[in-house]
Amino acid sequence: MKICHMTSAHDSFDTRIFQKECVTLAKEEDFNVYLVAKGQSRCEKNVNVIGIGEKPQSRIKRIFLFSKLVYETALKVDADVYHFHDPELLIYARKLKKLGKIVIFDSHEDVREQIKIKEYIPFFLRLIISKLYNLYETKVVNSIDAVIYPCAENGFTPFDNCKCMISKINNFPIMSMFTPKEGVDKVYDICCAGSLTEERGIIELLEASKLANAKLVLAGGDFSEELYKKLNEKSLLDGVICKGNCTLEEIKQLLNQSKMVVSNIHNIGQYVTADNLPTKVYEAMSMRLPVILSNTQYNVDLMNKYKFGACVDPVNVNSIAKYIRLFMNNDDLTKELGSNGRSLIEKHFSWENDAVKLINLYRNLEADYSNKNK
């Protein structure tokens, strides 16, 4: 079976798309796996990457022009299965279906809820655009073969009533890739990797770190111009180590050199109702680090049961600082919490477990396709 993954928003080294999904599928002897994405072409771990250069800086050009290039390039592969990862590629899903292809939409997040908090969309338009997107997404999904979704929200997913196959596959860490090294000096008190935005609690984290006199290292994209100005006006970046975008290996090294991870995402949008943790939190737990999390119901329930860190009001700077100090100054406690987190990953939250779900989905689609064409 020839399989083609498509993405216009992510690069060809993306951990979820390449390292987890494509590499997992490529281990199957009868699967021939391709990935069309930005960047350069290469063949790695039995995955044939077709690079299409750099994506435009303009969001509009990426959505309408770059996505078309992804589709046209993927079409030349003439795959049996097309597995796409971005909402802007929905417009090509039914075209692929009409060509007799098996089509899978891999929805990395609840786009409807994300639209409601996108700052680049005028506030008065967000709800309208969210509803229109929901109608369009539902229509397209009902015409294709399968949807992959990482988590439920209050026990439900946006695709529960859809006609196609649905598979819940999370972005859990690969355990073999996240193994802490013993005897490494803890250079940093806190590591924060990922998107550095206001809704993800970066202002409160910086304030709490300063209050606790903690050494903080940041790894992520650039701050928005407006946010950077705001942080500088408050002198919140003084003494903070900013690494910028980091490779997976660099992230692992920073985690290994840190005492804890803080993820104080604000209780807005899908973050409040999602029944999973941010990927960076799972990775920290894999590295035996205690974590400080926002006090959503899912987080609190999980924390009370497994005790791998602490939950706080994500905008309460004093509360965040209190737990930062506690974890900075109590090695025995952090070791116990870190061990609990690693154990939880091994038992329930590893990619190794969800990889089986991905293979099963493909095998079921393959069998279904064969039966329909007998």
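This is a predicted model: local features need pLDDT of at least 70, side-chain atom pairs count only at pLDDT 80 or more; totals for chains, interfaces and linings use all residues.
Good morning. What covers the buried residues of helix H9 includes strand E9, helix H8 (248-256), strand E12, strand E13, helix H10 (297-306) and helix H12 (331-348). Covering here rests on contact, meaning heavy atoms within 4.5 Å. Buried means under 20% relative accessible area, exposed means over 50%, and partly exposed lies in between, with a 1.4 Å probe and protein chains only. Helices (H or I, at least four residues) and strands (E, at least two) are DSSP runs, numbered from the N terminus.

Residues are numbered from 1 along each chain as its sequence is written, and side-chain values use heavy atoms, with hydrogens and water left out.

Let me return to H9, which spans residues 279-286 and is mostly covered, with seven of its eight residues buried. Those buried residues are Lys280, Val281, Tyr282, Glu283, Ala284, Met285 and Ser286. Just after H9, Arg288 takes a positive phi of about 65°.

Two strands pair if DSSP finds at least two bridges between them.

Within strand E9 we find Asp189. Is Asp189 buried or exposed? Asp189 counts as buried because its relative accessibility is 10%. Not counting residues up to four places away in sequence, Asp189 touches Asn213, Ala214, Lys215, Ser258, Lys259, Met260 and Met328.

A further group of strands deserves attention. Strand E7 (residues 146-149) is covered on both faces: Ala146 and Ile148 on one side, and Val147 and Tyr149 on the other, are all buried. In a regular strand the side chains alternate between the two faces of the sheet. E7 pairs in the parallel sense with strand E6 (residues 102-106) over three bridges, and the bridge partner of Asp106 in E7 is Ile148. E7 also pairs in the parallel sense with strand E8 (residues 165-168), over four bridges. There, Ala146 stands opposite Met165 in E8.

I turn now to pairs of helices. Helix H1 (residues 15-26) packs against helix H13 (residues 351-372) at an angle of about 60°, with their axes 10 Å apart. That makes H1 oblique to H13. Angles under 35 degrees count as roughly parallel, over 145 as roughly antiparallel, 65 to 115 as roughly perpendicular and the rest as oblique. In the contact, Lys20, Glu21, Thr24 and Leu25 of H1 meet Trp351, Ala355, Leu358, Ile359 and Tyr362 of H13.

Leu25 is buried, with a relative accessible area of 0%. Its C-alpha atom is separated by 8.7 Å from that of Ile3, 22 residues apart along the chain. The residues that Leu25 touches, not counting those up to four places away in sequence, are Ile3, His5, Phe31, Val33, Leu358, Ile359 and Tyr362.

Tyr362 is also among the residues touched by Met1. Met1 lies in the segment before strand E1 (2-11) and is partly exposed, with a relative accessible area of 21%.

Finally, the axes of helix H6 (residues 202-211) and helix H7 (residues 225-233) come within 11 Å and cross at roughly 20°. H6 and H7 are therefore roughly parallel to each other. Ile202, Ile203 and Leu206 in H6 meet Leu227, Lys230 and Leu231 in H7.

Thank you for your attention.

How values were computed
Axes are lines fitted to C-alpha atoms, for helices over the stretch in contact, and angles run from 0 to 180 degrees between N-to-C directions.
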